[in-house]
Amino acid sequence: MYVAVLRRFNFSERQLELGLCLNSQLRRFNCLGKQLELGPDPIEDFLKTESPRMEEVQVLEIHHRIHYPDVPEDVEDDHFNDPNWDYRANSSLSPDDSPTYCSTDMGTTTGVDTYPDRPPIRKRGSKADDSHEGIQFQESPYQEVRAAVPTTDDPNMLVNTFRVWILGVAFAAIIPTFNTVILLRYPFVLISALLVQIIILPCGKFLQWALPKYRVSAFGFSFSLNPGPFTVKEHCLISIIVNIAIGGTSITDIASASRIIYNHRWSVGSQVLLGTTTQFIGFGLAGCLRQFLVWPANMIWQGILVRCQLLNTMHSNYDEGDTPHVSRERFLYIAIACSFVYFCVFNWVCWIAPNNVIVNSLFGSLSGLGMGVLTFDWAQVTTFGNPLVVPWWAQINLLGGFLFVVWIICPILWAKNVFYSQYMPVSVIQAFDNTGAPYDLTAIVTNGTFDLAKYEKYSPMYLPITYAVSYGTIFATFPALLVHTFLWYRKEIYHRVGRTLKDEKDIHSLLMRKYPEVPHWWYIVIGVISFGLGIISIEVLHIGLPIWMFIFSIILGTIFIIPVGIIQAITNEAVFTEVLSEMIAGYIHPGHPVAILIFRTISGSVVTGSLFFTSDLKFGHYMKIPPRLVFIGQIVGSVVALFSTIIAREWALDNIPDICKPHQKSFFTCPNLDTYLNSSILWGGIGPKRFFSPGAIYYPLTWCFLIGAFLPVPFYYLSVRNRRSYWRYVHVPLALTAANNVPPFNGINIISLILVGFLFQHYIRRYHAGWWVRYDYLLASGLDAGVIIALIVIFFSVQFPKGGITVKWWGNTVWQNTADSKGTPLKTLPTGQIFGPSTWP
C-alpha cells in the first residue's frame with residue numbers, strides 16, 4: 001500500500017489536504033469519489049487525466065505506508081469499537097490500516113494530514129527521534145489529540161526542580177484548606193484546578209525571577225534553587241500535584257456528619273487512617289490499570305486535552321509566528337474576559353403564563369421539565385458536560401436518552417398520576433409526605449437515629465416523577481454498562497492484559513519510552529498498605545462496618561473501574577456509583593447509617609479516585625512527564641491534602657461559634673452535611689426495602705436492572721451486521737446517564753448543550769476544521785475560567801461581606817412569581833387529607 005499526498009490551493013474557504021490511496025497492483029486512484037485507471041507512472045497519469053493547472057496542484061511526496069496499529073492486530077483492528085475513529089477523515093484507508101502522516105523531508109515541520117493547522121510533527125534527527133525508524137512519519141490518528149498535543153519532546157527540559165515542589169506543596173496545602181472551610185458556608189465558592197493551573201504560570205515566573213541561582217548540597221544530593229526558565233513540564237507537574245490535592249478527602253465530611261448529627265467524634269488519627277485508605281486504594285488500582293486506560297491511543301480523555309492545550313498556549317510552545325491568525329494566547333484571554341462579564345437565563349414561556357401549572361410544569365426550569373427555556377449562562381450549559389469537549393456522537397446519545405426518558409416517559413407517567421406524582425412538583429430534588437408537603441426528616445428521627453414508630457405515624461416518603469424515574473435509569477445504567485463493555489471491549493481488554501508501554505505503537509507512547517516506567521509492584525504495595533490501614537481504622541473506630549463489608553466495597557468498586565473509565569476516556573462523561581453502593585449497603589447491612597456512608601465512600605473512592613489518578617497519568621503521558629515523577633507528585637499531593645483537609649475541618653468545627661446551626665451569624669450552616677443526613681436516614685434508616693422491595697411503591701423501578709442489561713444487545717448486533725453504520729455510535733449506558741441527574745438538571749441544560757455542541761463539535765469541526773483545531777479547546781478553557789473567576793468575584797464582593805448585598809430589579813424578581821418557582825403541584829389536598837395508602841411498610 002502506498003500513499004500519495006497532493007495539496008490544492010484554490011479552494012474558496014481554506015486549503016484542503018487530500019490523501020490519495022494508490023493500490024500498487026490495481027494501479028487505481030480514488031480521488032474525490034472518482035476511480036481512475038493509471039499506468040506505470042501514477043502521479044503523471046493522474047495529472048494528465050485531471051488536466052489541472054500546475055499552479056493549483058503540488059505533489060509533495062509519495063511514501064510507503066508504515067503500519068503501526070494502535071490496538072493489537074487481532075483486536076478490532078478496523079476500529080469498530082472506537083466511536084471517535086473518523087472513517088470520513090480516513091476514508092482512503094482500508095479497515096486494516098491505521099493512518100500515518102508523512103512530512104515533506106524539506107526541512108520544514110509542517111505535516112500533511114486531513115486537517116490543516118495541526119501542531120507540527122518532528123523533523124528527522126530531532127532529539128526525540130532516538131532509534132525508532134519511521135517515527136517521524138507518525139501522528140495521532142485522532143484530530144482532537146493532534147489539536148492539543150505536539151509530537152515533540154525534549155527529554156532535557158527542566159521538570160524536577162525546587163520550584164515544582166515549593167509551589168506544588170504550597171498550593172496542595174492552601175487550596176484544600178480554603179475549600180474545606182468555605183464548604184461549610186452557604187453560599188460558598190470553590191477554587192478549581194483550572195483556575196490554579198492559570199495562576200501557576202505567574203507564580204513560576206516570579207520564582208524564576210526571585211530565587212537565587214544557588215546550588216544546595218545535602219545528603220549526597222545537589223540541586224539548584226533556580227536552574228533556568230520556568231518550563232511547561234514544571235507547570236504540568238505542579239498542576240498534577242495540585243489537581244490531586246484540590247478536592248481534599250471525603251472522609252472529613254463523614255467525620256463531620258458523625259460529630260454533628262450523631263454526636264460521635266472521631267480522633268484525628270482515626271481520620272488519617274481511614275482517609276489514607278480512601279485516598280490511596282484507588283491510586284494503587286489506577287497504576288495497575290494503565291495498559292487499559294492510559295497507554296492506549298484510543299483512550300483519548302478529551303478533558304485532559306483541554307488542559308494540555310491550555311498549558312501549551314500559555315507557554316507558547318508552537319504558536320510563535322501565527323501572524324495570519326489571532327494568537328492562541330490572546331484568544332484565550334478574550335474568552336476569559338467575555339465569559340467573566342456575561343450570565344443570562346430567559347424563561348419567557350413561564351413569564352407569559354405565570355400561574356398555569358401545566359405550562360410551568362412542562363416549560364419551567366426550577367420545578368419543571370425545561371421545555372421552553374433559553375440560557376446563555378455557561379455554568380448552566382455545561383452541567384451535562386462541556387459541549388466544546390464532549391464528542392458530538394456522545395452528545396446525541398445524551399439527547400436521545402434525555403428526550404425519551406424525561407420528555408416522553410415522565411410526562412406520560414405524570415399525566416396518569418403514577419406514584420401519586422400529580423400531588424408533587426414535576427421535577428425537584430426533594431421528597432414529600434402524603435399531604436404534599438416537603439418531607440420532614442426530623443419527624444422520624446430520635447437522637448439522630450431512625451425511629452420506626454415515628455415513621456409509621458408520620459408518612460412514607462414520596463418522590464416527584466422525574467426523581468423517581470431517575471432511580472430507574474440509575475438502576476439500568478450499571479447492568480447496561482457491564483453488558484456494553486463485555487460486548488464491545490472484551491477482546492481488547494483480554495489482549496491488553498500483561499501489555500506494557502513498549503507494546504504501544506502510537507507516537508506519544510513511543511516518545512514516553514525514553515523515561516523509566518513505574519513498575520506495577522510499586523502501585524500494588526501502595527494498595528496493600530492502604531487496605532491494611534483501612535482494616536485497622538475500622539477496628540479502631542467501631543463504626544459497625546464489618547471487615548467483610550469493607551472488602552466487598554472494594555470489590556464492588558473495582559468491578560466498575562474499567563467500564564466507567566472507558567466511558568470517561570472516550571466521552572469525557574463521568575458515571576458515579578454512589579447510589580448503587582448505598583442501595584446495596586442498605587440491603588445487606590440495614591440500620592447502620594454511618595457504616596453505610598463509609599461503605600459508599602470507600603466504594604466510590606475506588607472508582608472515582610482511581611479514575612482521578614488515571615486522568616492525571618494520561619496528562620503526564622501527553623505532556624511527556626517522567627512517570628516516576630508523576631508517581632511521587634501524586635503521592636505528595638494526596639498526603640499534603642489529607643492532613644491539611646483534616647486539620648482545617650477540625651479547626652473550623654472547634655473554633656467557629658455556633659457552626660452548623662441554622663442561624664450562624666457568618667452563615668456557616670454546613671449545607672453539605674444535609675446530604676449525608678438525608679443519605680444516612682434514607683438508606684440506613686428507612687432503608688431500600690421500604691422503597692424497592694415487593695409491595696413497596698417504587699418496586700416496579702427494580703425491573704430497570706433487567707431492562708438495562710438487555711438494551712445494549714440489539715444495538716450491538718445491528719452494528720455487527722453493518723460495521724460502518726451509525727448504529728456503532730449508539731451508547732446505551734451513556735444515554736441512560738442523561739436522566740440520572742434529573743432533577744436538579746432539566747431541559748435547559750441538555751438543549752443548551754446540544755445547540756452549542758452542534759455549532760462547534762459538528763458544524764465548525766467538520767466545515768472549518770482549521771479554526772476548530774486552533775481555538776476550540778482554548779475557548780472551552782476560557783469560558784470555564786471566566787465563570788470561575790466571576791463566581792469568586794461575586795462571592796467576595798457581593799455575597800460574603802455583611803451577610804451579602806441584595807440587588808433588586810425586575811430581572812431578578814420576575815421569575816419568583818411563577819408556579820415554576822413556587823413548585824406548585826397539579827393537584828392539592830384540603831387540610832387534613834392525605835394521598836396514598838393509609839398504612840405503609
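V381 sits in helix α13 (residues 378-381), where helices are DSSP runs of H or I with at least four residues, numbered from the N terminus. The model is a predicted one, with local features needing pLDDT of at least 70, side-chain atom pairs counting only at pLDDT 80 or more, and totals for chains, interfaces and linings using all residues. Residues are numbered from 1 along each chain as its sequence is written, and side-chain values use heavy atoms, leaving out hydrogens and water.

V381 is buried, at a relative accessible area of 3%; buried means under 20% (1.4 Å probe, protein chains only). I750 lies 369 residues away from V381 in sequence, yet their C-alpha atoms are 7.5 Å apart in space.

Now for α7. Helix α7 (residues 268-288) and helix α18 (residues 520-541) have axes that come within 7 Å and cross at roughly 150 degrees, the axes being lines fitted to C-alpha atoms over the stretch in contact, with angles from 0 to 180 degrees between N-to-C directions. So α7 runs roughly antiparallel to α18, a label for angles over 145 degrees. Where α7 meets α18, the contact residues split into 14 nonpolar, 10 polar and no charged. Here Asp, Glu, Lys and Arg count as charged, Ala, Val, Leu, Ile, Met, Phe, Trp, Tyr, Cys and Pro as nonpolar, and the others, Gly among them, as polar.

Helix α7 is mostly covered, with 16 of its 21 residues buried. There is also a bend of about 25 degrees in α7 at F280, taken as the angle between axes fitted to the seven residues ending there and the seven starting there.

Conventions: Helices (H or I, at least four residues) and strands (E, at least two) are DSSP runs, numbered from the N terminus. Angles under 35 degrees count as roughly parallel, over 145 as roughly antiparallel, 65 to 115 as roughly perpendicular and the rest as oblique. Buried means under 20% relative accessible area, exposed over 50%, partly exposed in between (1.4 Å probe, protein chains only).
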